[in-house]
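Hi everyone, thanks for coming. Let me put today's structure up on the screen, and then we'll walk through it together.

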Amino acid sequence: MKNYKNTSDTITTVGSMLLFLLVAVCMMMIIAAAAGSYSRISDNYETNFTASSSIRYISNKIKSSDKVEILNNGMVLENGGTANIIYYSDGGLYEKTVTAGTDYEISGGEKIFEINGVDISDNADYYKVTVNVSGEEYSALIGKGT
Amino acid sequence: MNISNKRPLNLFFIEIIIALLFFSISGAVILSVFAGADRRSHKSELLESVMVYSQSIAEVYAVSGNADETLKTVEKECGRLDESIELSKFEEKTENTAGTLSKLTLRFTEDGEEIYKFTCSAYIQNGGNNEQT
């Protein structure tokens with residue numbers, strides 16, 4: 001009788017522990033899924049924010065400038081006596097301000113956004129700005145004089 | 001004797017069950033919260049891409065004043081939007097002797113739910129180089 005009771009107790013205890021272990025494993029899986037989901041949301045947010053911000057930054061700069069000159073990997077935006085050089089180099093979008101009319105060198109600027117490439121082309125009625133962020137390309141058209 | 005021996009074990013078992021129930025409910029709540037966050041993140045991503053797309057449409061439309069031509073140009077230059085997004089357009093033109101005022105309203109929806117709606121306009125003067133004139 002005593003043996004039977006002991007066995008029964010052991011089975012109940014082990015069963016409870018197994019159940020607890022099962023829930024613990026499930027919770028671990030939920031936490032892993034949640035961490036993955038959070039990481040994905042964070043990455044997407046970062047990518048979208050960088051892409052749209054850099055496109056809007058370039059767009060606003062183009063709209064507020066008097067003259068636009070497209071360079072390889074960048075552009076020069078002249079406004080009054082100053083010129084802004086916006087260019088891509090070393091994994092980032094850089095900008096520097098110089099006196100208009102001087103030699104425009106693509107170096108020594110300040111990093112604005114971390115991106116993987118920028119392409120600016122001049123079409124008849126608009127500029128096309130393509131920004132590469134984390135391997136994904138985002139394009140926008142910016143009208144001339146609108 | 002038997003009853004007094006079984007009681008503590010049953011209580012322990014009930015306690016374990018209650019704890020497990022609590023954890024299970026917490027897990028379900030956490031899952032639903034993260035599923036909601038994922039859904040909202042997707043929606044936010046779509047909204048962001050639609051807004052950049054709309055900006056391009058507005059820029060091109062201001063020059064062309066023609067909805068079909070504008071959409072064709074933007075699709076060619078910027079690529080297509082996510083396939084789940086449906087785009088409906090409404091164009092209104094007011095002509096007078098000086099030129100044509102065109103007003104374009106675009107509505108982006110996903111599964112019938114509106115994501116973004118905007119209106120842009122263009123004024124094409126007579127004698128311009130646009131086919132609208």
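Leaving aside neighbours within four places in sequence, which residues is Ile58(A) in contact with? They are Met75(A), Ile86(A), Leu93(A), Val118(A) and Val129(A), where contact means heavy atoms within 4.5 Å.

A quick word on the background. This is a predicted model, where local features need pLDDT of at least 70, side-chain atom pairs count only at pLDDT 80 or more, and totals for chains, interfaces and linings use all residues. Residues are numbered from 1 along each chain as its sequence is written, chains are lettered from A and ligands numbered from 1 in the order written, and side-chain values use heavy atoms, without hydrogens or water.

Back to Ile58(A): it is among the residues with the most contacts inside the largest nonpolar core, which has 22 residues. A nonpolar core is a set of buried Ala, Val, Leu, Ile, Met, Phe, Trp, Tyr and Cys residues joined through side-chain atoms within 4.5 Å, and buried means under 20% relative accessible area with a 1.4 Å probe, protein chains only. A second, separate core has 21 residues, including Ala67(B) and Phe108(B).

Now to chain B. Strand E2, residues 99–110, has 9 of its 12 residues buried; strands here are DSSP runs of at least two residues, numbered from the N terminus.

Terms used:
Buried means under 20% relative accessible area, exposed over 50%, partly exposed in between (1.4 Å probe, protein chains only). Helices (H or I, at least four residues) and strands (E, at least two) are DSSP runs, numbered from the N terminus.
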